Amino acid sequence: MPPAPRPTVLAAALLLLATTGCSLLAAPTAATPGGPAPVPPKQVVLAAAQALDDAGGARIDVVQEGAAGRRTASGSLVWGASDEAALTVTDELGSGRLTLKDGALDLVYQGGAAKHAERSTAEAVDPGAGPDPEGFAGGWTTALITGPGSRAYEVAQGVKLVSLGGEQLAGVTVAHYQGSAPVAELFGKDDELTPKRRAATLDWYRRHGVTSIGYEVWVGPGMQLLRLRETIRGSAGTTVTTTDVSAPGGADATPAAGG
C-alpha cells in the first residue's frame with residue numbers, strides 16, 4: 001500500500017486551510033482583490049487525504065469502463081493497524097466476493113471459482129493477469145484494496161493539479177481538481193515498489209502505449225474526499241476508473257449485498 005499521508009508534510013496545508021478562511025472552490029483566477037489567495041489544489045487534496053486516512057475506513061464504489069468492458073466493485077475498506085476489505089465485484093469472469101484480511105487476498109466467484117494471493121501479489125487475481133504473480137495487470141485489484149486517502153496523497157504529491165472550480169456532487173457543491181503526469185515520473189522513482197515490480201509496471205504501460213495518466217479529485221465540505229478518477233489512454237483505447245467514497249469512518253468489512 002502507498003504510505004499514509006505524513007503529518008509533518010501536511011502541517012503547512014492544514015494551517016493554511018485554517019487561517020485563510022477562503023473557499024476551497026475558488027479558482028486560481030477568481031481571487032477577490034484584497035482577499036485571501038485561493039488555497040493551492042495540492043494543499044486541499046493533501047488535507048482531504050489526511051482526513052480520510054485518519055477516519056480509518058470507508059465504503060467505496062468503483063466503476064472501470066474501457067475497451068475491455070465494464071468492471072464494478074462496492075463494499076467496505078478498513079486501513080490502519082489491520083487492513084481489511086470486503087467487496088462485491090463484477091468483471092469479465094462474472095460476479096464474486098473479494099476479501100482481504102491479515103494480508104491474505106481471496107476472490108471467490110459465484111459458481112465456485114476461487115483465486116488467492118497475498119497483498120504484495122494482489123494483481124495475480126486480476127482476470128487479465130499473466131503467469132507471473134509479481135507482475136502488473138493494470139492496477140485494478142491494487143486500487144480496490146488501497147485506501148483512497150493514500151491514493152489521493154500520491155496524486156497530490158506526484159501530479160500538478162489545477163482547479164476546475166466548483167460543481168454539484170451528491171447534492172453539495174464540491175471542489176474539482178485535475179492533472180496528469182508521465183508514467184515514468186509516477187512509477188520510475190516509487191520507493192514503495194520493488195525493482196522487479198517497478199520494471200513490470202513500467203513495461204505494462206509501455207506495451208499498452210500509455211505515456212501519461214490523468215487524474216481528477218473531488219473534495220467536499222469538511223475536507224471530505226468524495227471521488228477519485230484515473231484516465232488511461234493508450235493503444236487499446238481509453239480506460240476510466242472512478243472511485244466514489246462515502247460513509248468515512250471505521251467501516252466494518254462486511255460485503256454489500258448484491259453486485
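On a 1 Å grid over the protein atoms alone, a cavity is a set of points where a 1.4 Å probe fits but cannot get out. The model described here is predicted, so local features need pLDDT of at least 70 and side-chain atom pairs count only at pLDDT 80 or more, while totals for chains, interfaces and linings use all residues. Residues are numbered from 1 along each chain as its sequence is written, and side-chain values use heavy atoms, with hydrogens and water left out.

The structure holds 1 cavity of 30 Å³ or more. The volume of the largest cavity is about 50 Å³, a volume being the space filled by probe spheres set on the grid points, which are joined across faces, edges and corners. Residues that line a cavity have an atom within 4 Å of a point; for the largest cavity they include Val89, Asp91, Leu98, Tyr109, Trp140 and Leu144. Two or more lining residues come from each of β3 (84–91), β5 (104–109) and α3 (140–144), where helices (H or I, at least four residues) and strands (E, at least two) are DSSP runs numbered from the N terminus. Helix α3 provides the largest share, 3 residues.

Beyond residues up to four places away in sequence, Leu144 touches Ile60, Val62, Ala73, Leu77, Leu87, Val89 and Leu98, contact meaning heavy atoms within 4.5 Å.

Two further residues show polar contacts, that is, pairs of N or O atoms within 3.5 Å; within protein, one must be able to donate a hydrogen and the other to accept it, and residues adjacent in sequence count only if both atoms are side-chain atoms. Thr72 lies in strand β2 (residues 69–78) and is buried, with a relative accessible area of 10%. Its side chain is joined to that of Thr90 by a polar contact of 2.5 Å. Arg151 belongs to helix α4 (residues 148–158), and its side chain makes a polar contact of 3.4 Å with the side chain of Thr243. Between Arg151 and Leu228 there are 77 residues of sequence separation, yet their C-alpha atoms are 8.6 Å apart in space.

Note on methods
On a 1 Å grid over the protein atoms alone, a cavity is a set of points where a 1.4 Å probe fits but cannot get out, and a pocket is an open set with protein on both sides within 12 Å along at least five of seven lines; lining residues have an atom within 4 Å of a point. Buried means under 20% relative accessible area, exposed over 50%, partly exposed in between (1.4 Å probe, protein chains only).
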